[in-house]
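Subject: Structure for you to look at

Hello,

Here is the structure I said I would pass on. My notes on what was found in it follow below.

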Amino acid sequence: MLINYKNVNISHYDEETVLKGVNFKVNAGEFIYIIGKVGSGKSSLLRTVYGELDIDSAFTANVLGRDMMRIRRSEVQSLRRELGIVFQDFKLLTDRSVRRNLEFVLRATGWKDAYDIDKRISEVLKSVGMEGYDERMPHELSGGEQQRIAIARALLNSPKLILADEPTGNLDPETAESIVGLFRDISSTGTAVVITTHNMTLLEKFPGIVYKCEDGKLIN
């Protein structure tokens with residue numbers, strides 16, 4: 001089990017309770033949606049998974065073998081190296097090419113050999129259908145292309161789990177479908193994918209396990 005939350009309570013930094021009594025589990029290869037209105041707690045839940053937001057209390061809060069109630073700040077970086085995180089606004093470094101964006105992440109996570117770095121970058125770009133875009137700058141790419149590069153970045157260290165927070169929020173419907181289709185393909189290789197969204201049409205086209213944030217609770 002990659003994520004195992006039992007009776008988890010989550011608050012914002014201002015101590016307003018967002019979600020109470022959360023039970024949430026993720027296994028290898030699962031394709032999971034977390035749906036709900038804006039402000040219902042979807043993003044807050046994901047932020048606890050990658051250590052950006054502390055958990056108030058829990059019976060169990062385990063992510064990739066780590067107890068999130070006891071994890072030290074120094075251990076959060078090692079946890080994030082085992083996760084892939086994709087955001088709505090891509091978060092690419094705008095002053096460098098696609099290749100340099102991906103190389104930056106690899107070197108920051110301990111890769112040193114230039115051949116291995118080039119090989120891995122080529123592999124992930126091919127996996128997301130972006131071969132030949134190595135030297136493009138982010139501003140030369142469409143929104144969908146930038147999100148594919150962001151997904152490639154998330155795949156660099158072969159994560160067991162990808163968290164995607166409203167990854168289609170800035171995309172047109174056709175492009176959104178292609179991105180979620182890509183996530184679906186990734187989950188079929190054994191990497192679990194958790195997507196937050198309020199786009200219900202995506203759930204119909206690409207079925208998965210669905211959780212809903214509503215009235216301060218996570219409903220399965």
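Please keep in mind that this is a predicted model. I start with the inside of the protein.

The largest nonpolar core has 39 residues. Those with the most contacts inside this core are Phe31, Tyr33, Val86, Leu125, Ile151, Phe183 and Ile186. Several elements each supply at least two of its residues: the strands β3 (31-35), β7 (161-165) and β8 (192-197), and the helices α3, α4 (114-127), α5, α6 (173-188) and α7 (200-205). Phe31 shows what such a position looks like in detail. Neighbours within four places in sequence aside, Phe31 is in contact with Val180, Phe183, Arg184, Ser187, Val193, Ile195, Phe206, Pro207, Gly208 and Ile209.

Now the protein as a whole. The chain forms seven helices and ten strands. Its radius of gyration is 17 Å, close to the 17 Å that the globule rule gives for 220 residues, so the protein is as compact as a globular protein of that length. The C-alpha trace spans about 45 × 40 × 30 Å along its principal axes. Of the 220 residues, 49% are buried. Among contacts with a separation of 6 or more, 70% are between residues 24 or more positions apart.

Rolling a probe the size of a water molecule over the atoms shows where empty space is left. The largest pocket has a volume of about 630 Å³. It is lined by 20 residues, and the closest to its centre are Arg80, Ile85, Val105, Thr109 and Arg153. Two or more lining residues come from each of α2 (73-81), β6 (83-87), α3 (98-108) and α5 (143-155). By class, this lining has ten nonpolar, five polar and five charged residues.

The second largest pocket holds about 160 Å³ of space. Of its 14 lining residues, Val38, Gly39, Ser40, Lys42 and Ser43 are the closest to its centre. Helix α1 (residues 42-49) gives the largest share of the lining, four residues. The lining here has two nonpolar, eight polar and four charged residues.

Arg153, listed above for the largest pocket, is worth a separate look. Is Arg153 buried or exposed? Arg153 is found in helix α5 and counts as buried, because its relative accessibility is 15% and the cut-off for buried is under 20%. Sequence neighbours within four places aside, Arg153 is in contact with Phe90, Lys91, Leu92, Leu102 and Val105. Val105 lies 48 residues from Arg153 along the chain, and their C-alpha atoms are separated by 7.4 Å.

Last, two backbone angles to check. Most residues other than glycine have a negative phi. Lys91, which is not a glycine, has a positive phi of about 55°. Lys91 sits in the loop between β6 and α3 and is partly exposed, with a relative accessible area of 46%. The other case is Ser158, also not a glycine, with a positive phi near 50°. Ser158 is placed in the loop between α5 and β7, and at 52% relative accessibility Ser158 counts as exposed.

Regards

Key:
Residues numbered from 1 in each chain as written. Predicted model: local features only at pLDDT ≥ 70, side-chain atom pairs only at ≥ 80, totals over all residues. Heavy atoms only, no water. 1 Å grid on protein atoms, 1.4 Å probe; cavity = no way out; pocket = protein on both sides within 12 Å on 5 of 7 lines; lining within 4 Å. Points joined across faces, edges and corners; volume = space filled by probe spheres on them. Nonpolar A, V, L, I, M, F, W, Y, C, P; charged D, E, K, R; others polar. Core = buried A, V, L, I, M, F, W, Y, C linked by side-chain atoms within 4.5 Å. Buried < 20%, exposed > 50% of the residue type's maximum accessible area, 1.4 Å probe, protein only. Contact = heavy atoms within 4.5 Å. Rg over C-alpha atoms; globule rule 2.2 N^0.38 Å.
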